[in-house]
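Subject: Structure handover and findings

Dear colleague,

I am handing over the structure we discussed, and below it you will find an account of what came out of the analysis. Please read the text alongside the coordinates.

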Amino acid sequence: MTVYVNNRSFEISEDLTIDQFLSQHLPDQPQLGVAIALNNQVIPKDRWSSQSLQNEDKLTIITATQGG
């Protein structure tokens with residue numbers, strides 16, 4: 001199955017939740033100050049461990065940065 005993260009494709013062989021995907025495929029991704037949208041809908045962080053990914057899903061990960 002293929003999922004897309006910030007327009008980058010990832011092949012995964014099993015159903016994964018957002019949390020599982022992040023830990024297996026993006027282990028260096030910060031967990032604080034992060035927002036995730038699944039198919040253009042923001043998913044609250046408390047649902048990352050229960051929200052399963054499906055074939056052709058599109059994740060957008062946005063990380064807050066400091067500056068001004």
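A residue is called buried here when its relative accessible area is under 20%, and please keep in mind throughout that this is a predicted model.

With that cut-off, helix 1, which covers residues 18-25, has Ile18, Phe21 and Leu22 as buried residues. These three lie on the same side of helix 1, because the arc that they cover around the axis is only 100°. As background, residues three or four places apart in an α-helix point the same way, because there are 3.6 residues a turn. The partners of the buried residues of helix 1 are strands: they pack against strand 1 (2-5), strand 2 (8-11), strand 3 (34-38), strand 4 (41-43) and strand 5 (58-63).

Ile18, which lies in helix 1, has a relative accessible area of 0% and is therefore buried. When residues up to four places away in sequence are not counted, Ile18 touches Ile36, Ile43, Trp48, Gln51, Leu53 and Leu59. Between Ile18 and Asp57 there are 39 residues in sequence, while their C-alpha atoms are 11 Å apart in space.

Turning to the sheet, its five strands form an open arrangement in the order 2-1-5-3-4, and the pairing is mixed. Strand 2 and strand 4 each have a single partner strand and stand at the edges, so one side of each is left without a neighbour in the sheet. From one strand to the next, the twist averages 30°.

The individual pairings can be described as follows. Strand 1 and strand 2 run antiparallel and are joined by four bridges, with Val5 standing opposite Arg8 in strand 2. Strand 1 also pairs with strand 5, in this case in the parallel sense and over two bridges, and here Tyr4 stands opposite Lys58 in strand 5. Strand 3 and strand 5, in turn, run antiparallel and are joined by five bridges; Leu38 stands opposite Leu59 in strand 5, and Leu59 is also one of the residues that Ile18 touches.

Methods: Residues are numbered from 1 along each chain as its sequence is written. This is a predicted model: local features need pLDDT of at least 70, side-chain atom pairs count only at pLDDT 80 or more; totals for chains, interfaces and linings use all residues. Side-chain values use heavy atoms; hydrogens and water are left out. Buried means under 20% relative accessible area, exposed over 50%, partly exposed in between (1.4 Å probe, protein chains only). The arc is that of the directions from the helix axis to the C-beta atoms. Contact means heavy atoms within 4.5 Å. Two strands pair if DSSP finds at least two bridges between them. Axes are lines fitted to C-alpha atoms, for helices over the stretch in contact, and angles run from 0 to 180 degrees between N-to-C directions.
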